[in-house]
Amino acid sequence: MKKTGFWHRVFDLYYDGFRNMTLGRTLWAIILIKLFIMFVVLKIFFFPNYIKENTTEGGEAQFVSEQMLNRSEKP
């Protein structure tokens with residue numbers, strides 16, 4: 001009888017499941033492509049880095065604290 005740890009058995013379960021997939025590989029490819037688009041492409045084009053644009057080297061903390069204080073004062 002082969003004694004293995006919990007994590008090894010969990011790994012074996014997922015490894016065997018992914019290895020024997022047919023349709024699942026295509027679905028995982030689609031999921032990974034969508035995640036890449038959401039986190040890389042959209043970040044580049046739609047979420048600019050305001051902190052780097054509005055500060056100089058070393059002034060990031062001051063800029064963030066000013067922005068937080070200014071927003072909390074507005075109703």
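What follows is a short chat about confidence, charges and rings in this predicted model.

Colleague: Which helix has the highest mean pLDDT among the elements of the chain?

Modeller: Overall, the chain has a mean pLDDT of 80, with 91% of its residues at 70 or more. Among its elements, helix α3 (residues 50-54) comes out lowest, with a mean of 72. The highest mean, 86, belongs to helix α2 (residues 23-46).

Colleague: Which residue forms a salt bridge with Asp16?

Modeller: A search of the whole structure turns up one salt bridge. The closest N and O atoms are 2.7 Å apart, and the partner is Arg19.

Colleague: Are the rings of Phe6 and Trp7 stacked or edge-to-face?

Modeller: The structure holds two aromatic pairs, and Phe6 with Trp7 is one of them, with ring centres 5.0 Å apart. Their planes sit at 70 degrees, and over 60 counts as edge-to-face. So this pair is edge-to-face.

Colleague: And what about Phe11 and Tyr15, stacked or edge-to-face?

Modeller: Phe11 and Tyr15 are four residues apart in helix α1, so about one helical turn lies between them. Their ring centres are 5.7 Å apart. The planes are at 20 degrees, under the 30 degree cut-off, so the pair is stacked.

How values were computed
Residues numbered from 1 in each chain as written. Predicted model: local features only at pLDDT ≥ 70, side-chain atom pairs only at ≥ 80, totals over all residues. Heavy atoms only, no water. Salt bridge = Lys/Arg side-chain N within 4 Å of Asp/Glu carboxyl O. pLDDT = per-residue confidence, 0-100. Helix = DSSP H or I, 4+ residues; strand = E, 2+ residues; numbered from the N terminus. Phe/Tyr/Trp six-rings, centres within 6.5 Å; stacked < 30°, edge-to-face > 60°.
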